[in-house]
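Please take a moment to look over the sequence and the three-dimensional structure shown here. The paragraphs that follow lead through them step by step.

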Amino acid sequence: MTFSVRIAVRGYELDGQGHVNNAVYFQYGDHARWECLRAAGISVDDLWDHGIGPVTLENTIRYHRELRAGDEVDVTCVFEWGEGKTFRVRQEFRKPDGELAAEMTGVGGLMDLRVRRLLDDPKARWRTLARTPAVLGL
């Protein structure tokens with residue numbers, strides 16, 4: 001399942017060239033990931049109540065087309081599960097006409113907030129927390 005959320009580009013998110021500042025793409029990606037978790041039935045309070053939190057270990061962005069003020073962008077979120085303490089998240093930033101503006105790949109984990117260490121099996125923990133695990137590809 002590919003989750004997607006539409007975001008409107010705001011004027012204050014632009015850089016000196018008149019397109020979306022590179023750091024804002026990270027914010028858009030974070031927003032889409034949190035909305036994906038919410039759609040799966042997981043809230044910030046759920047995570048804190050269990051003493052865990054998602055962490056980003058790596059993000060890489062490849063830009064294809066600029067986004068400018070007034071544009072809208074659909075940001076997707078697909079979780080890829082493997083073994084171990086980490087998982088991958090693939091995201092695309094597409095204009096409503098389908099044109100690819102950027103791609104972001106990331107590596108994340110779930111941290112035990114008490115001992116500040118990654119959990120061994122984040123996939124199992126996400127599955128336990130989610131009311132709609134299919135949104136997370138589980």
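Twelve salt bridges are counted in this predicted model, a salt bridge being a side-chain nitrogen of Lys or Arg within 4 Å of a carboxyl oxygen of Asp or Glu. Because the model is predicted, local features need pLDDT of at least 70 and side-chain atom pairs count only at pLDDT 80 or more, while totals for chains, interfaces and linings use all residues. Residues are numbered from 1 along each chain as its sequence is written, and side-chain values use heavy atoms, with hydrogens and water left out.

One of these salt bridges joins the side chains of Arg33 and Asp30, with a distance of 2.0 Å from N to O. Both residues belong to helix H1, where they are three residues apart, about one turn of the helix. Helices (H or I, at least four residues) and strands (E, at least two) are DSSP runs, numbered from the N terminus. Arg33 counts as buried because its relative accessibility is 12%, whereas Asp30, at 33%, counts as partly exposed. In these terms, buried means under 20% relative accessible area, exposed means over 50%, and partly exposed lies in between (1.4 Å probe, protein chains only).

Another salt bridge is formed by Lys85 and Asp120, whose closest N and O atoms are 3.7 Å apart. Lys85 lies in the loop between strand S3 (72-80) and S4, and Asp120 in the loop between strand S6 (117-118) and H3, so the pair ties together parts that are 35 residues apart in sequence. Lys85 is partly exposed at 40% relative accessibility, and Asp120 is exposed at 57%.

Arg94 and Glu92 also form a salt bridge, with their closest N and O atoms 2.9 Å apart. Arg94 is partly exposed, at 28% relative accessibility, and Glu92 is partly exposed with a relative accessible area of 28%. Elsewhere, a network of salt bridges links Arg6, Glu72 and Asp74.

Which residues are closest to the centre of the largest pocket? The volume of this pocket is about 210 Å³. Of the 17 residues that line the pocket, Asp30, Arg33, Pro54, Val55 and Thr56 are the closest to its centre. Two or more lining residues come from each of helix H1 (22-39), strand S2 (52-63), strand S4 (86-94) and strand S5 (100-112). S2 gives the largest share, five residues. By type, the lining divides into nine nonpolar, five polar and three charged residues. Here Ala, Val, Leu, Ile, Met, Phe, Trp, Tyr, Cys and Pro count as nonpolar, Asp, Glu, Lys and Arg as charged, and the others, Gly among them, as polar.

The pocket terms rest on a 1 Å grid over the protein atoms alone: a pocket is an open set of points where a 1.4 Å probe fits, with protein on both sides within 12 Å along at least five of seven lines, and lining residues have an atom within 4 Å of a point. The volume is the space filled by probe spheres set on the points, which are joined across faces, edges and corners.

Val44 has its place in helix H2 (residues 44-49) and is partly exposed, with a relative accessible area of 32%.

Some residue pairs can be compared by their separation in sequence and in space. Gly41, in the loop between H1 and H2, is buried with a relative accessible area of 9%. Gly41 and Ala130 are 89 residues apart in sequence, yet 5.3 Å apart in space, C-alpha to C-alpha. Leu136, in the segment after helix H3 (122-129), is buried at 1% relative accessibility. From Leu136 to Lys123 the separation is 13 residues in sequence and 9.4 Å in space, C-alpha to C-alpha.

Arg116 has a positive phi of about 60 degrees although it is not a glycine. Most residues other than glycine have a negative phi.
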